[in-house]
Each structure stands twice: as C-alpha cells, then as structure tokens.
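The questions below go through one structure element by element.

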Amino acid sequence: MAEFSIDRFVDRYAERTSGMSASEVRALFAVAARPEVVSLAGGMPYVEALPARAVLEVATQVLGELGPTALQYGGGQGQLALRDRAVMLMAEEGVDADPADVVITTGAQQALDLLGKIFIDPGDMIAVEAPAYVGALTAFAAYQPRFLTIELDDEGMIVEQLERAIVRGERPTFVYTVPNFGNPAGVTMSGRRRDRLVALCRETGIPIIEDNPYGLLQFEGEPLPCLRSLDPRNVIYLGTVSKTFSPGVRVGWALADPSVIQRLVLAKEAADLCGSNLTMLLTERWFSDDDRWRTALAGLVDTYRSRRDAMLGALDEHFPSTAAWTHPSGGFYVWVTLPDWSDTTAMLAAAVERRVAYVPGTAFYPDGRGGDRMRLAYCYPTEDRIREGVARLAALFEDEERLYRSLHGS
Amino acid sequence: MRIAVLAGGRTPERDVSLRSGHRMTLSLGELGHEAWLLDPGETQLVEALGERPPDLCWLALHGKEGEDGTVQRLLDLLEIAYTGTAAFDCEVAFDKVLAKDALERAGVPTPPWVVIEGWALRDLGGGAALGKAVERIGLPCVVKPSRSGSALGVSFVEREADLPQAVMAALSFSGAALIEAKVEGREVAAALAGRDLEPLPIVEIVPKDGPYDYAARYTAGATEYFCPARLSDAASAAVGELAGKTAGALRLRDLTRVDLMVDTNDRPWVLEVNVSPGMTETSLVPMAAQVQGRTLSDLCDSVLRSVAMRA
C-alpha cells in the first residue's frame, strides 16, 4: 500500500500558511473574468482611459535616455527624484513630507507586508476597520496577529469602539484605516472622527497606518485633512500611483518617521533588494509634466463619477427596500447590505451563472462575518454594463428572497 | 492519430480542466500522436475543429457542458469521435438526481435521498416540505447541487436549522438540490479504464480536517490518499464489483471514476460518478494508475483502443 501525500512538504510548511487554501470563490472568479460576465468584482483601474501615446512617449524617453539606469539595480529606498514626486502628490492632499522620510515600495501592498513584518509578532493585537481592505488583512495575517475589529458607519471607523477597547485594557500594536472612500465600504471618515482617532492614538502611543490610495479620486465636496497632516509623528502614511496613473508600474510608498523608514528600507532590501528602476523612472517621468498627469487624472475622476452615478441610479431603480448601500463621494466601491439571512458567498455561483459577479462580504472581515454583504466595484465596466449588472443582481436577489420565504414558511 | 484535447471551458472547474488537458496532451504526444489543446472557453469550438480537423476529440472538460452531454451531442452532430461516455448517458450520469434513480433501479446501493427543485420552492411553496425531508433522510445529511462537480455547492448539515441555508447554497449551482443521508466510514474512489472498464487500484481519501470539500480537494497537502485503500479483501472486492455494476447501469465508457463510501459494516455505497475524471498531478486516477505500475500514456493508450474498437 502506498500513502500519497500530494504535497511531500506538507508537514514542513510554517503555521502561517495554514489559511492559504483553494476556495470555491476563487474558482468562480476564474469564470467571472470571462467577457460575457459583467464583473462588479475586481477593483481594476480603468487604465484604458490613459492617453496611450503619452505613455509610450514617456516609456521611449526612459529607455532612450536613461536605458542603462533603467535596466540596473537601484537603491532600497527608491530613486530620490521619484520620492520627490511622491512628496508632490502628498502635498496635493495637504501632507507635508521630506523625501528622506519616504520609501518607495512595490505598490502600497508591499508597504503593508513590510509594516506587518516590522511591527507584528505572532499573537499581537492589531486594530482594523470592519470591513477592511482584504489585501491588508491577508498581508497582516501572514504575521499571525489577533484582529481587533472596529465597526464602520457613515462617518467611517467608529472611534468610540476603539476607545472602549483601550479602556478595557487592549493595546493594539497599530490601527489600520483607509479613511478616504475606503475599500470595500466606500465611506469616508468624518473630520470629527479623524480628530478623535488621532488624539486617542497620540495619547495612548498607538501608531496609525493611514492607507490612502483613493484620496485624489474625489467626486464632490471638500477634501478632509489626512490623518498624517493632523499628527505627522504618529501616523504612517501609505500612497500609491495605482489609481492616479497605473497599477501595472507597481509604485507605492510609505511616509513615516526616520526610525520606521530605516527598518522599512532594510525589510524591503531583504524582500526584493529594490524596486524596478524601469517602472520607477517611467512613473517619475509621467508625473514630471504637471499638465499631463493632471489632465489624465481629471479624465479618470470624471469617468469614475459617471460610473458611480450609474451604479447608484441602478441600485435605486432595481434593488429592493430591504437592501441598503453606501453612497461614496470618491473611489471605486459601493458596499451593499442585504437582509441578514442572505449568504452572498453561496449566491455567487448563481450570480456568475447569470453573468454578473461581485465580491462576497466575508472576504473583508477577519472573523468570518459579512455573509449578508457584498462589494460592488464601478471603476471598470461601462455605465451600460454597470446598469445591466445591477439589474441582473437584483433579479437574482428577488429569486433568493422567494426561496428564503418558502424555506422559512413566510 | 490527430487528437484535439478539449479542456478549459466556462465552468468553475476550468483551471482544473486545463491542468488535466495539458497532461493528456503531453501523454498523447509521448505515444506519437499529434495532440493539441483546444479550449472551448477561448475559441469557437466548431470553427476551430473545422480549421484543424482531428480524428478524435479527447474530452478533458470538467463540469457542466463538458460532462453533461452538451459537447458530446455537438461532436455527434459533427460526426467527430470522442473519448468517454455517450451524450445521453453523460446527461444521466452528470445529473445526480437522474443518476441516483438509475442506480437504484439497477439495484446499486446509493445513500437514501430526496430532491428539492428550486422552482418548487419558489413557486409551489415547497419549503413547507423540508421537514419531511429531514424525517425521511435524518441527520447528519449532505446537501448537493444536482448538477455540479468538485464538491462545489456541497454542504454537510448536522442541525436541522442549517438545512435551509444549505439548500439555498446548492441551488446557487443548480436547479435542484439533493438531500442525501451521510454515510459514516471510508471515502474511496474506484477508477475504471479501457474497453472492458478494467478496475484500477482503489484510492482511499482521508481529508486532514473536515469533509472532502473543494478546499480539501484542491489544496495540495490538505488530504491524504492511500492506494490501494485500507479495506478488507471482502470490502475491496465489493467496491470493485459495485463500481463495475455502476458503470454497467449508467453505460459508462473508456475511462471513468466511481466515488463511494464504505460504511462501518464494510458495505459500499455509490455517491456519484465522473465521466471525465480529473487527470491533474493531484488527481485520483493518475495516482491509481501509478500504483498499478502504469504510466499516463499507457492509460491513454487503453482509452484510445477502446474508442477504436467502438468505431
């Protein structure tokens, strides 16, 4: 008799990989990527709107004039000229920074991983919004923290809950938040809550990680101050060009105290030595022409605003009164809450069968909640496709409601 | 021979199918055949078959369309030979509601079950009959979509209160749900190959944690396999005999896999059959062939001979 273990190293993997398994949802997303499916799932920026000729010009310039540099290794902290551009972009949102306090990372996603690496010991508690960005949850989870979940409402993170936890004696290693047009909920933290969060964390010495990928994608209203500008000493700020330019260049950054930056640079060098000089140069050149990047960004914001309007309009038209959803004033996402009996994970297969896809809510909670929620992204499909997708979802939901009523005798 | 290996498609099992198809293409190549992979999810199938006409289609599609007779009917129309079970028999074998009925009529033991149709729930107030299902089947039970593979949409239910949710989950994958009695014991797979559907060694499946669900199937290392299965001689013989009887009852051909439970009294029960079993590096059929000392190419050769004799 032979005993087959499909994976002969199975007993040798680290404990932290235990949550890394195949899933039905991933299998369904393979189908959802097909063109006939209206995908309201992925948060893909609409890069098709970028002026292709201008991008090509910049790429040609980089390889023509800076070829040997572009094809070489670089420093772990990232090129100074690009850090200057990051400082410029942060200034757009009122954040004052010194390029010496910036490290360029492979997307802000790598900054999340590196922050996990330098801050989290197994068993440490970290505070996250509920729901929270799934990429942050998985990046942090690899370092085996305990999650303290702080609920969101229309004003963003309910800071009072964090306060109560601290009064109870909890001392999270850090607080992670996406205060502007958050992923997945699309809500923005109010000014009042920002002040309160910053004050609370300053008093208790708990650092804040402010992840701000969507800040410059504001559709209306006045921007609120970044947490970093309210307390530069206690806030680690993460930025990215994924939404303002291209996610394909994989350029993000962290701004923090020199002591944190020193550790992040060492951790970054251990992870991948340095970022890609080629795409760093491309990004730096892109943002060197003020008119070019501002025009492209304004075009993107207009597109996303129209798509947001299309989605909210379609939800109003098609969705039942038993559902509720957020009204983002920027960013990519609407967060839908269905009646509490709903199971959006189970429903996904039927949705894909009807040629529409979304992300089930459970992805965004570290504790298995969120079964009655779903994230809808309006960033990529056209307005017509968005309306069609929402209508298909509404028809599915109507069928689900009838099933539920039949199964529960009401 | 010129062989188009059909793999991929538009189902959630697409990636698994592509892995199966890739391996089949290599193995057929090793036998000296001109084999190429054709993904109906990426190309217009009829057009592609017209542009490069094969002598035979090797079906490595998994799930709906590939296993339910759809592709088989199309190939019948085009008069292109294919591997595996015929169209109508695929339709029966793939649909658990039809297959279990056919098995019962043929005297093949399969765990007791009831069927709930989605439209009966939505339009006929069928939910009120759910209590009756529990009465007849008992708990714990397994709730499955009638037409789906890879344990997608399958729930294991311990408490009656969890049944409605499990039924809704199964109906997300298919128009009807089966509620089936859960058999305690060893889970085994019996593969059959060639013209006479000769049995391969039985594989025993032992998930490390919880049921043999989608994650347990496709996460490397999440399940242990024993081959031959750790069964008594009598139980092994009974499994082999029952697998053969199942294949006969459902008129399966060429290469197939029968999934069974062997209960604590050593009695086998047929759960379901696969007309296009997975052939990936982690699949059960290649594992069984390996224990028998056969290569995948060798297995392919018996399948091709079986198809050739039919022609």
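**Strands, helices and contacts**

Q: Is strand E1 (residues 2–6) of chain B largely enclosed or open?
A: This is a predicted model. A residue is buried if 20 or more other C-beta atoms lie within 10 Å of its own. In strand E1 (residues 2–6) of chain B, 4 of the 5 residues are buried, so the rest of the structure leaves the strand largely enclosed.

Q: Which residue is the bridge partner of B:Leu6 in E2(B)?
A: E1(B) and strand E2 (residues 34–38) of chain B run parallel and are joined by 5 bridges. Within this pairing, the partner of B:Leu6 in E2(B) is B:Leu38.

Q: What is the handedness of the β-α-β crossover from E1(B) to E2(B)?
A: Between E1(B) and E2(B) the chain passes through helix H1 (residues 14–30) of chain B. The hand is assigned with the strands pointing away from the viewer, and a clockwise path from the first strand over the helix to the second counts as right-handed. For E1(B) to E2(B), the crossover is right-handed.

Q: Which residue of E3(B) is the bridge partner of B:Ile3?
A: E1(B) also pairs with strand E3 (residues 56–59) of chain B, in the parallel sense and over 4 bridges. In E3(B), the partner of B:Ile3 is B:Leu56.

Q: Which residues touch the most other members of the largest nonpolar core?
A: The largest nonpolar core has 151 residues. A second, separate core has 70 residues, among them B:Leu38 and B:Val270. B:Val143 has contacts that include B:Val154, B:Ala166 and B:Ile179, leaving aside residues up to four places away in sequence. In the largest core, the residues that touch the most other members are A:Leu376, B:Val143 and B:Val167.

Q: Which strands stand at the edges of the open sheet of 4 strands in chain A?
A: The strand order is E11-E12-E15-E14 (chain A), with antiparallel pairing. Each edge strand has a single partner strand, so one side of it is left without a neighbour in the sheet; these are E11 (324–325) and E14 (359–360) of chain A.

Q: Which residue of E15(A) is the bridge partner of A:Val336?
A: Strand E12 (residues 333–337) and strand E15 (residues 373–377) of chain A run antiparallel and are joined by 5 bridges. In E15(A), the partner of A:Val336 is A:Met374.

Q: Which element gives the largest share of the side of chain A that touches chain B?
A: In the model, 30 residues of chain A are in contact with 41 residues of chain B. The elements of chain A that give two or more residues to that side are strand E1 (2–5), helix H1 (24–32), helix H12 (344–353) and helix H13 (383–407). The largest share is 6 residues, and it comes from H13(A).

Q: Which residues of chain B does A:Arg34 touch?
A: A:Arg34 lies in the loop between H1 and strand E2 (38–39) of chain A. With 15 C-beta neighbours inside 10 Å, A:Arg34 counts as partly exposed. Not counting residues up to four places away in sequence, A:Arg34 touches B:Arg10 and B:Gly41.

Key. Residues are numbered from 1 along each chain as its sequence is written. Chains are lettered from A and ligands numbered from 1 in the order in which they are written. This is a predicted model: local features need pLDDT of at least 70, side-chain atom pairs count only at pLDDT 80 or more; totals for chains, interfaces and linings use all residues. Two strands pair if DSSP finds at least two bridges between them. A nonpolar core is a set of buried Ala, Val, Leu, Ile, Met, Phe, Trp, Tyr and Cys residues joined through C-beta atoms within 7 Å. A residue is buried if 20 or more other C-beta atoms lie within 10 Å of its own, exposed if 12 or fewer, and partly exposed in between; C-beta atoms are placed from the backbone. Two residues are in contact if their C-beta atoms, placed from the backbone, lie within 7 Å.
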